[in-house]
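The sequence and structure are shown first.

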Amino acid sequence: MNGKTADLLQGVERKQVAGIIIAFALLFGISSAPPFLGLKPQAQTVLAIFLWFITCMVTDALPKAIVGLAAPTLLVVMAKMKIPNAFDAFASNEFFLAIGAFIYAAIMMGTPLGKRIAIGITNALRSTRVTRILTGLSLADVIIGGILPTVSETALFLPISKGVTGLMRGREHLPESKRINTAIILMITALVPLFTGPLILTSHFPNIMLAGNLANAKIQVSWVDWFIYNLPLWGLLPILLLYVTWYFKLKGLDIPGADEELPKMKAELGKITWPEIWAAACIILGVFLWITEGTLHNMQTGMVAIIVLMLAFLPFGKLNFEKMNQYIMWDIWLLLGGAICVGNALNNSGAVGWLAGFIVNPIKAAGILSPIAVLFIIVFGFHIARAGIVSAAAMGATFIPLTIGLAKELGFNILPFSLIVINSLSYSFFLPISITAFLIAWGASGTSTWEAIKFGSLLSIIANIYVILVQGGWLTLIGHPF
């Protein structure tokens, strides 16, 4: 082990130890402190558990699965909640939908199916022109993004992007080569997956968490509902392509040999196999059943996911579960369950309303009544705190309960208000460490921190203004005004 690696490991250990100390200090300090003004004792304990949960997630103090299971356990032991109430999310539709999505993603990663689809679509648009290559890779990204969570999509497209940019070996020192390399890595490995994430219910951890918290507020959101609510966000994809092309001055640039490399990458995969065909058929069936919920059948999305998984792993499908199992994010699944449980407890105990008061009271005192003005204040204010939270699941656990509480306290419609705030926080590129996928792409691109901040900050502002104004108008138009 070299000195740099040893120092890195020691740094991680110090962060974890510090996280453990801070997390338990908050847990016992707040829960045993004199009652906070306006907060019931049980709500104060729930707040302490929430802060313990967030601290553990942000610092990686404990394994994700342990945090997910421990949080509702603490609700039972310390907040005196009944077990069915504390663990309610683990029996929810959203919980089973999440594992369905994660296993679908594992199938795409554990077989050549995901890479085959991505390279096949990109190859159909093959060209030496950079903008056309970006368009082809982006289209593949979007199609795959309907099935894969963002981080898995990043893992799939990183080697594909590297394969394309590798064609510039020997010319890496040229300014245009550096711009092309940075543009392809950032856009295809991170930005398109992140821009696609909010569009599909199963593509982004905060989506499922928000749906679970909305269900606790008696607002049911199906797969199709989510798609309809977020239709305007598809308009951000061409804006992203135009922005990247403009920022990196890509118009008219070429990558010699790219049109020959993609067919080679496709040929290396060989012919499609029966397990891939069967897996694709099952996934298509699952999406069809999600789309037709409420029209052809009344099965909820979570139950559809489990039924389709049962079909996928029937013996004649020849999918090897042991091989897929290494790609299934079991720890994230349990973490999501714990996060939704804590969010529900915060809301039901009154702790969220108490927290929301610190934001709501100044807004009311200032006489700010316009929902759009409030959204701009909340969204860009939240981005300051959001910048230090790399994990999308941690972001959701932190801000979803608070956002729903804010909507209630301000007298706004919960659905449009919470959807716009959480969607906006998903477009957070002010710092390269703000989101896991962007962090990975930034590291792979080799670009400087300052360059990433300049590029990401303007993009974040454009995307957030678009979400607030365009999606806000759309939701009002389809019957969900503020």
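The following paragraphs treat the cavity, then the cysteines and their surroundings.

The model is predicted. A search of the whole structure finds one cavity of 30 Å³ or more, and the volume of the largest cavity is about 40 Å³. Its lining is formed by N213, N216, A217, G343, N347, P401 and I404. Three helices, α10 (205–216), α17 (330–349) and α20 (392–410), each contribute at least two residues to this lining. By class, the lining residues comprise three nonpolar, four polar and no charged.

Turning to the cysteines, the search of the whole structure finds zero disulfides. For C341, the closest cysteine sulfur belongs to C56 and lies 16 Å away, too far for a bond, because a disulfide requires sulfur atoms within 2.5 Å.

| Residue | Relative accessible area | Class |
|---|---|---|
| A86 | 0% | buried |
| C341 | 1% | buried |
| C282 | 5% | buried |

Residue A86 belongs to helix α4 (residues 83–86). Which residues does A86 touch, not counting residues up to four places away in sequence? The contacts of A86 are P72, L75, V76, M81 and C341.

Definitions and conventions:
Residues are numbered from 1 along each chain as its sequence is written. This is a predicted model: local features need pLDDT of at least 70, side-chain atom pairs count only at pLDDT 80 or more; totals for chains, interfaces and linings use all residues. Side-chain values use heavy atoms; hydrogens and water are left out. On a 1 Å grid over the protein atoms alone, a cavity is a set of points where a 1.4 Å probe fits but cannot get out, and a pocket is an open set with protein on both sides within 12 Å along at least five of seven lines; lining residues have an atom within 4 Å of a point. Grid points are joined across faces, edges and corners, and a volume is the space filled by probe spheres set on the points. Helices (H or I, at least four residues) and strands (E, at least two) are DSSP runs, numbered from the N terminus. Ala, Val, Leu, Ile, Met, Phe, Trp, Tyr, Cys and Pro count as nonpolar, Asp, Glu, Lys and Arg as charged, and the others, Gly among them, as polar. Buried means under 20% relative accessible area, exposed over 50%, partly exposed in between (1.4 Å probe, protein chains only). Contact means heavy atoms within 4.5 Å.
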